[in-house]
Amino acid sequence: MLLNEFLVKTLEKSGCEAVFHIPGGAAFHLVDAVSKSKILKLVPCFHEQACAIAAESYFKSSGKVGVILVTAGPGISNISTGILSSYVDRIPMIVLSGQAQSKYLKHNNLRIFGPQAVSAERLFGKISKVFEVNKNSYPQSILNFLRFKHYNDFGPKIIQVPLDLQKMPIKKNLQKFKNIFVMKKRIGNQKKVFQSLEKIIKKSVRPCILIGGGIRNKEGFEVLNNFSKNNNIPIILTWTSKDMLNNSDKNYCGLPGYFCNRAANATLYYSDLVIVIGSRLDPLQLGYQTKELLKNKKFFVVDDDKDELSKHDFIYIKKFVHDGIETLKILSQILKKNKLRYSNWSKVMHKAFLDTQNEMVSKNSKKFIDPFNFISEISDLKPHIFVAGSSGGSAEISFLNYRISKNQIFLNSPGLGGMGFAIPSIIGALESNKKASIISVVGDGGFQLNIQELASISRYKKRKVLIAVLNNRGYDSMRRSLKKYFGKAFFVDEESGLNFPNLRKISDAYGFKYYCIKSNLKFKEDLNKIWNNISQPTLLEVNIRENIESFPKLSPKMNLDGSITSGSLIDCSPSNENFYKVLEKKIYLK
């Protein structure tokens, strides 16, 4: 057997299917082997960065690990942003990379020697596991490298193979191929977790649960929904786990943080115990709250990563390295055993969420569409998969205002938040589900990054795909912030020197169907008509209002020394004091 055949057989045995790639001379034999597979499918893209982003969304929407196949030099360097995002959000992916012939790799002290002979270890060694194949590499060592042993092992893995070694003969019994994605849960001391959690929750009057992306998988969806069905306790979600509960779930209270659903932050604020499962508690997620601001709150935090746990310094905290899904099962047992129910507390907070989830929606805009209104209305179309923009208003407004329905998938990249993620993510979504309808909402600025992948999407001629471009004629968040702090802004719109192309002509060039919505007049009717009539990739230009801040959000304070201090979790703009007064009366009723 040859090495390239061995790699293909390993991926096949492990359930891999989609291989996102751009061909190149240094990866010839790898491409040839994949093309002959009856299981692996080459999915062409037009930029290597898009390959990595597509692989990430493929995993998020299917649970199957995406594979990337690129050439040497710029081929491998171009995937850097996608690799970093995979590292930050802990998304498993495998990169097969070509490399210059091995005879050119002897002088590794040089910047480069030989054609495009760039070391993947030098490029990505800090954010990815890398295996650089040489003539002495054993098949078993390659298998050991590729194997994902547990959740803490998630992230990108790069295997770089010199051109002359890609067809290197190896000895391997085909009967011994094993699935490299057979995961082992980190169970730890279940009894200790049970006893500690039972002790702390029995003393709690208003507990809540914060669920993160660490349990966002098929089993996690099932266990969380079953837990919520059989218990009454407020549940809030991080941005990476937004689609794990639908908006109508009886315990769901929204997404907390700096940009927040008001009820979610109120749930955090009024709770006396926060049970955190599978979340790294990003500062943005907690609204930049300090341990002093949270001094009256107890935390019970479970994570697979001890390094993430070590950073937490809350005044009262219990920390465990343990599997999040198993912890949720333990919590359910504790609630049942002790007959603990928090029905009134959960009912009040869920009702508060339902009452305020559309608080920013305004239908009074006359000239242009209100983006909050647009996201709210597009929720009613209920596509199978929704792809959010990754930064700026298109992302923040989508996170807070898009209403999740049962079994919907919400794709995003909140960890890194780089512009240009939405369009390649559609490719991964298309490959993950051959019949899924897809809607993506992206800003006119982020749309331009990786716009070349419209050509990739155009190959799916009979798929129901709607890309809604929010056209506010520039980088609206940057335009607003720069003018606010410095009085003027450069290169944020056409007026300041940044030109944007005609979207109708862009649609024609890539073979997309094109629509445009310019005003609120018959807006909902037009949107429904467009969605019901399309059966191919379609571009929808939505002319929205400018200078739109993403609300609700916390109100930070500027100190005399120039530093910024976060306000309270319930100090949100726009102000709504009556909401909290009414809420407090309901919460403290016996």
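**Strands, a helix and a serine**

A: Let's begin in strand 6: Ser97 stands opposite Gln160 there. Keep in mind that this is a predicted model.

Q: How many bridges join strand 4 to strand 6, and do they run parallel or antiparallel?
A: There are 7 bridges between strand 4 and strand 6, and the two run parallel.

Q: And how does strand 3 pair with strand 4?
A: That pairing is also in the parallel sense, over 5 bridges.

Q: Are the faces of strand 4 covered or open?
A: Both faces are covered. Met93, Val95, Ser97 and Gln99 are buried on one side, and Ile94, Leu96 and Gly98 are buried on the other. In a regular strand, side chains alternate between the two faces of the sheet.

Q: Switching to helix 1: how many of its residues are buried?
A: 8 of its 11 residues, so helix 1 (residues 3-13) is mostly covered. Among the buried ones are Leu3, Phe6, Leu7 and Leu11.

Q: What covers them?
A: The cover includes helix 2, strand 3, strand 4, helix 7 and strand 6. Just after helix 1, Gly15 takes a positive phi of about 85 degrees.

Q: Last one: is Ser394 buried or exposed?
A: Ser394 is buried, with a relative accessible area of 7%, because buried means under 20%. Ser394 lies in helix 15.

How values were computed
Residues are numbered from 1 along each chain as its sequence is written. This is a predicted model: local features need pLDDT of at least 70, side-chain atom pairs count only at pLDDT 80 or more; totals for chains, interfaces and linings use all residues. Side-chain values use heavy atoms; hydrogens and water are left out. Helices (H or I, at least four residues) and strands (E, at least two) are DSSP runs, numbered from the N terminus. Buried means under 20% relative accessible area, exposed over 50%, partly exposed in between (1.4 Å probe, protein chains only). Contact means heavy atoms within 4.5 Å. Two strands pair if DSSP finds at least two bridges between them.
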